[in-house]
Amino acid sequence: MDKPSPSTDLQIRNVFKNFGSKAVLKGIDVDIRHGEFVTLLGPSGCGKTTLLRIIGGFEKADSGEVLLNGNVISNRSPAKRPINTVFQNYALFPHLNIFNNVAFGLKSQKRPKEEIERRVNEMLELVNITDLAREMPATLSGGQKQRVALARALVNEPEILLLDEPLSALDANLRKKLQVELRELQKKTDTTFILVTHDQDEAIAVSDRILVMYQGQIIQDGSPEDVYEHPANRFVATFIGEANILECDRVAENLAQTNFGNLKLEKDPAWKINESGKCHGGIAIRMEDIHVCTPDENFSENVFPAKILQRIFRGDYWELIAELPGVSNFESLKLRVMTDPDEIYNPGDQVKLYMEPQYLQVLSD
Ligand code: ATP
């Protein structure tokens, strides 16, 4: 197979998919450029795997099209697409040793013996398992099996590699290590990777671009920084990074009227221009953006009294659970707040919390 031209593009056009009466994909429209590491991120059941399977040709859309380099590939079988898939359960051939597992695709294509030898060895080296070439799959650890699965898929030099929760069966430390390796592998092979995960940390760590899916739709498309710092709505703000949400009634002239008192904003939110100022999504603020005031600090606005309920040691920081009392009979709110390891607060302490205007995200819905 020839290597893709740098202009390789995947286009997904208006894809709909129902299973029975259930609408699983509701009009997916997205372009993915050659060499991007794109992650489909969303909660269980939002349709990520279905979309991946439609790209791979394992599932057919009810309507809409998939194009590769401008050619419609919607009706091509998986084997006729320059796309390979790595599955969560590795799907290695148990009766073949590692070398032959990786060589399988090239042997099926009847490539010359020397070429197979060279390409398989290169690939084993790339994923750091050269010493396992003669082992059988059953003797390998989960992480090693996943490396074999990656080598087996990449040796075919696909234009696109689809990865369906490839790290979810691994323990947390190995998972983090493999995330770094996955990213390196993607850059070294200059292949488009499309990863499915419901793990937001994983998505942030590996991706050039995250497509956040919710109930069959892409609700945000952006870089990890963008999605984290400018969540499109309340769902994204809480799903990615578990932002605190302050319920808010109205926004007027840089001022948000929340259930906890007025909050000064950096500027009037853009979405408000033609609206009444009604704020449905609330105000999001990340725990690392809430500051616990020292006794000598005096901010003129956005300071709220709170009581520390709990502190949790997270290694490089403390996570405090602080209770913010509501005003005019509104219920209190438990906020997550991050402090440095040398800032010690105890349950029962009364503190003042400062929320800097630039970190407040007003969510329209
Ligand atoms: P998860 O993270 O749990 O895998 P997901 O976001 O990948 O979730 P999908 O696997 O795409 O979600 O499934 C979306 C919805 O479609 C689910 O409600 C699922 O039960 C349903 N579904 C998926 N495949 C089929 C099928 N072959 N037949 C019937 N329903 C299906």
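1. Helices (H or I, at least four residues) and strands (E, at least two) are DSSP runs, numbered from the N terminus. Counted in this way, the chain has 8 helices and 21 strands. This is a predicted model, in which local features need pLDDT of at least 70 and side-chain atom pairs count only at pLDDT 80 or more, while totals for chains, interfaces and linings use all residues. Residues are numbered from 1 along each chain as its sequence is written.

2. Of the 365 residues, 36% count as buried, where buried stands for 20 or more other C-beta atoms within 10 Å of a residue's own, the C-beta atoms being placed from the backbone. Two residues are in contact if their C-beta atoms, again placed from the backbone, lie within 7 Å; among contacts between residues at least 6 apart in sequence, 66% join residues at least 24 apart.

3. UniProt, in an unreviewed entry, lists residues 10-240 as "domain: ABC transporter"; its positions are given in the numbering used here, feature names are shortened, and annotations may be inferred rather than shown by experiment. In the model, this span is 36% helix and 27% strand, and its end C-alpha atoms lie 26 Å apart.

4. Which strands does β1 pair with, if two strands pair when DSSP finds at least two bridges between them? Strand β1 (residues 9-19) runs antiparallel to strand β2 (residues 22-33), with 9 bridges joining them, and Lys17 stands opposite Leu25 in β2. These two strands form a hairpin with 2 residues between them, and Gly20 in the turn has a positive phi of about 60°. Strand β1 is also joined, by 5 bridges and in the antiparallel sense, to strand β4 (residues 63-68), where Glu65 stands opposite Arg13.

5. Strand β4 in turn pairs with strand β5 (residues 71-72) in the antiparallel sense over 2 bridges, and Leu67 has Val72 in β5 as its bridge partner. The hairpin of β4 and β5 has 2 residues between the strands, and Asn69 takes a positive phi near 50° there.

6. Leaving aside residues up to four places away in sequence, Val15 touches Leu25, Ile28, Ile54, Ala61 and Gly64.

7. An open sheet is formed by 5 strands in the order β16-β20-β17-β18-β19, with antiparallel pairing. The strands β16 (290-292) and β19 (333-339) stand at its edges, each with a single partner strand, so one side of each is left without a neighbour in the sheet. For β16, the pairing with strand β20 (residues 350-355) is antiparallel and runs over 3 bridges, with His291 opposite Tyr354 in β20.

How values were computed
Pairing = 2+ DSSP bridges. Buried ≥ 20, exposed ≤ 12 C-beta atoms within 10 Å, placed from the backbone.
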